[in-house]
Amino acid sequence: MNKTEKKPGVRGSRTGRPIMVLLDLLGRRWSLRILWELRDKPLTSRALRATCDEASPTVLQARLSELREAGFVELLPAGGYGLTGLGRELNETFLPLHRFAERWSKSH
């Protein structure tokens, strides 16, 4: 990033450290859910909204825009949204947490 480019903003942080930027983005309402729902196949806006428990269209579009800008989601030529290679890589990092959550939920 050169000096004229703006660093992504992070709520509650002035450093803009990459991990803080990522955690801020993923911590926004519906971000993780969108990434998770796109893990198996691309979805249209309508299908994505249905899988996200009827999230507000305004909020869903805002998150999709942010995730696209971050390089995790792309608008597909045939319509709908899918994960980019970077988005698939990010989802792979969630799998150990997913397995842990499955084990944990059975113990409670």
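This is a predicted model: local features need pLDDT of at least 70, side-chain atom pairs count only at pLDDT 80 or more; totals for chains, interfaces and linings use all residues.
Local features were taken at pLDDT of at least 70 and side-chain atom pairs at pLDDT 80 or more, whereas totals for chains, interfaces and linings use all residues. Residues are numbered from 1 along each chain as its sequence is written, and side-chain values use heavy atoms, without hydrogens and water.

The protein contains 5 helices and 2 strands (DSSP runs of H or I with at least four residues, and of E with at least two, numbered from the N terminus). Along the sequence, these elements follow the order α-α-α-α-β-β-α. Of the 108 residues, 29% are buried (under 20% relative accessible area, with a 1.4 Å probe and protein chains only).

A nonpolar surface patch is formed by Ile19, Met20 and Leu23, with about 280 Å² of accessible area together. Patch residues have over 30% relative accessible area and no salt bridge, nonpolar side chains being joined within 5 Å; a salt bridge places a side-chain nitrogen of Lys or Arg within 4 Å of a carboxyl oxygen of Asp or Glu. Areas follow the Shrake-Rupley method with a 1.4 Å probe. Ile19 lies in helix α1, residues 18-27.

The second largest pocket (an open set of points on a 1 Å grid, with protein on both sides within 12 Å along at least five of seven lines) has a volume of about 170 Å³, the space filled by probe spheres set on the points. Its lining, with an atom within 4 Å of a point, comprises Leu32, Trp36, Phe94, Leu97, His98, Ala101 and Glu102. Helices α2 (31-37) and α5 (85-106) each supply at least two lining residues, and α5 contributes the most, with 5.

Technical notes. Patches are made of residues with over 30% relative accessible area and no salt bridge: like charges are joined within 9 Å, nonpolar side chains (Val, Leu, Ile, Met, Phe, Trp, Tyr) within 5 Å. On a 1 Å grid over the protein atoms alone, a cavity is a set of points where a 1.4 Å probe fits but cannot get out, and a pocket is an open set with protein on both sides within 12 Å along at least five of seven lines; lining residues have an atom within 4 Å of a point. Buried means under 20% relative accessible area, exposed over 50%, partly exposed in between (1.4 Å probe, protein chains only).
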